[in-house]
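Hi,

Here is the structure I promised to pass on.

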Amino acid sequence: MPVARRHHVQVCLRERVDVVVLAFGGNRTIVRELRDAGVSVLVLVGTEDQACAAVEWGADGLIAQGREAGGHLVGTVAALEFLPRVLPIAGSRPVLLAGGIADATDTAAALAEGAAAVVAGTGSC
């Protein structure tokens with residue numbers, strides 16, 4: 001959910017979604033409300049400060065976005081450069097890697113560097 005608003009949260013709760021991804025914002029109140037309802041919350045982050053904030057909010061996991069990601073971008077450095085910066089911040093939380101994931105080789109590289117999984121987008125239109 002980019003820029004989550006109160007009504008977005010209410011729809012998620014009403015529809016009993018399993019997972020919500022917050023991007024371009026969020027806060028402790030939103031994360032807590034979703035988690036209290038049994039929803040897993042992942043937060044898209046592109047900087048260490050964003051990762052720290054998401055962990056402080058209580059996020060279940062992080063999506064570390066590298067600058068190779070297309071479209072809506074929060075990543076500021078290359079994905080495989082950013083990943084080792086986020087892993088210690090995440091602690092035991094899973095970190096998914098986004099940005100520049102196009103094939104099995106990219107996936108294998110991300111997993112080898114410690115990502116729990118990858119997020120592959122659709123590329124540019």
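A definition before the notes: buried means under 20% relative accessible area, exposed means over 50%, and partly exposed is in between (1.4 Å probe, protein chains only). This is a predicted model, so local features need pLDDT of at least 70 and side-chain atom pairs count only at pLDDT 80 or more, while totals for chains, interfaces and linings use all residues. Residues are numbered from 1 along each chain as its sequence is written, and side-chain values use heavy atoms, with hydrogens and water left out.

Salt bridges first. The criterion is a side-chain nitrogen of Lys or Arg within 4 Å of a carboxyl oxygen of Asp or Glu. Searching the whole structure turns up four of them. One of these is between the side chains of R35 and D60, at 2.9 Å from N to O. R35 sits in helix α2 (residues 28-36) and D60 in the loop between α3 (48-57) and β3 (61-65), so this pair links distant parts of the chain, 25 residues apart. (Helices, H or I with at least four residues, and strands, E with at least two, are DSSP runs numbered from the N terminus.) R35 is partly exposed at 41% relative accessible area, and D60 is partly exposed at 23%.

Then there is E48 with R85, where the closest N and O atoms are 3.6 Å apart. E48 belongs to helix α3 and R85 to helix α4 (residues 79-90), so the pair ties together parts 37 residues apart in sequence. E48 has a relative accessible area of 31%, which makes it partly exposed, and R85 counts as partly exposed too, at 34%. R85 also meets E81 in a salt bridge, 2.8 Å from N to O. Both R85 and E81 lie in α4, four residues apart, or about one turn of the helix. E81 is partly exposed at 40%. Through shared partners, E48, E81 and R85 end up in one network.

Now the sheet. It is open, with five strands in the order β1-β2-β3-β4-β5 and parallel pairing; two strands pair if DSSP finds at least two bridges between them. β1 and β5 (117-119) are the edge strands, each pairing on one side only. On average, neighbouring strands are turned by 25° against each other, direction ignored. (Axes are lines fitted to C-alpha atoms, for helices over the stretch in contact, and angles run from 0 to 180 degrees between N-to-C directions.) β1 and β2 run parallel and are joined by four bridges, and V20 has V41 in β2 as its bridge partner.

α3 packs on the sheet and touches β2 and β3, its direction making about 165° with that of β2; contact here means heavy atoms within 4.5 Å. α4 lies across β2, β3 and β4, at about 165° to β4.

Last, the inside. A nonpolar core is a set of buried Ala, Val, Leu, Ile, Met, Phe, Trp, Tyr and Cys residues joined through side-chain atoms within 4.5 Å. The largest one has 28 residues, of which L22, L34, V43, V45, L62, V86 and L97 touch the most other members. α4 gives the most to this core, with five residues. Leaving aside neighbours within four places in sequence, L34 is in contact with V9, C12, L13, V20, V39 and V41. A second, separate core has seven residues, including L44, I63, V74 and A98.

Cheers
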